[in-house]
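Trainee: I would like to learn how to read a structure feature by feature. Could you take me through one?

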Amino acid sequence: MSIYQLINKENLSDWEEKMMLLSNNCLDSQTQVWHINSIKRVASCIYIKSRNDFIVAQNIGISNVTGSLCAERSAITAAVAKYPDLKFEEITDIFIIGENNPLLPCGVCCEWLYKINPSMNLYTLKQDKVLKIKISDYYGDENTIESR
């Protein structure tokens, strides 16, 4: 059994499609202001089903000293700021999109996502399809995905 699923865009659920569109809109609207020291622009969207809400965020790279804030952690932080009572298990799905896809989380983000909810579904684009993978199956092994 494959650890990931390739989904045709027309077969996405309404909320999966909305996550993709919101992530793409965020990526398209980013300015260089927040990317002074970023290598790439990235956007992400979390869907919180229990609250029927989408949280969209981008990566921020303004300092070489402290590093950047990845879009995934930025979205999680925004979700917790909006919903201080948010529980880990409410974050079940995240879409990540960048200038070069498929775009998968860095090691720090993998650790965050895994600790928050190891059953979380991670989505990104792969050619003309959507790649869906459970974070517990991926956990930072990009070669597993890239080689297929």
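**Pocket, strands and cores**

Mentor: Gladly, and let us start with the pocket. The lining of the largest pocket divides into nine nonpolar residues, three polar and two charged. Keep in mind that this is a predicted model.

Trainee: Which residues lie nearest the centre of the largest pocket, and how many line it?

Mentor: The lining has 14 residues, and K40, V42, N59, S68 and C70 are those nearest the centre. The volume of this largest pocket is about 230 Å³.

Trainee: Let us turn to strands. What should I keep in mind about side chains there?

Mentor: In a regular strand, side chains alternate between the two faces of the sheet. As a case here, take strand β6, residues 129–134, which runs antiparallel to strand β1, residues 4–8, with five bridges joining them. Within that pairing, Q5 stands opposite K132.

Trainee: How many bridges link β5 and β6, and in which sense do they pair?

Mentor: Strand β5, residues 121–126, pairs with β6 over six bridges in the antiparallel sense. L125 has V130 of β6 as its bridge partner. Look at the hairpin too: two residues sit between the strands β5 and β6, and Q127 takes a positive phi near 55°.

Trainee: Now for the interior. What is the general idea behind a nonpolar core?

Mentor: Nonpolar side chains tend to be buried together in soluble globular proteins. In this model, the largest nonpolar core has 26 residues, and I46 and L122 have the most contacts inside it. Elements giving two or more residues to this core include β2 (42–48), β3 (53–58), α2 (71–82) and β4 (93–98). Helix α2 gives the most, with four residues.

Trainee: Which residues does I46 touch, leaving out those up to four places away in sequence?

Mentor: With those left out, I46 touches M19, D53, F54, I55, A75, I76, I91, D93 and I94. There is also a second, separate core of 15 residues, which includes I7, C45, F95 and L125.

Trainee: Let me try a single residue. Why does I116 count as buried?

Mentor: I116 counts as buried because its relative accessibility is 11%, and the cut-off for buried is under 20%. This residue lies in helix α3. Not counting residues up to four places away in sequence, I116 touches I76, F88, E89 and I91.

Trainee: How far apart are I116 and T92 in sequence and in space?

Mentor: I116 and T92 are 24 residues apart in sequence, and their C-alpha atoms are 9.1 Å apart in space.

How values were computed: Residues numbered from 1 in each chain as written. Predicted model: local features only at pLDDT ≥ 70, side-chain atom pairs only at ≥ 80, totals over all residues. Heavy atoms only, no water. Pairing = 2+ DSSP bridges. Core = buried A, V, L, I, M, F, W, Y, C linked by side-chain atoms within 4.5 Å. Buried < 20%, exposed > 50% of the residue type's maximum accessible area, 1.4 Å probe, protein only. Contact = heavy atoms within 4.5 Å. 1 Å grid on protein atoms, 1.4 Å probe; cavity = no way out; pocket = protein on both sides within 12 Å on 5 of 7 lines; lining within 4 Å. Points joined across faces, edges and corners; volume = space filled by probe spheres on them. Nonpolar A, V, L, I, M, F, W, Y, C, P; charged D, E, K, R; others polar.
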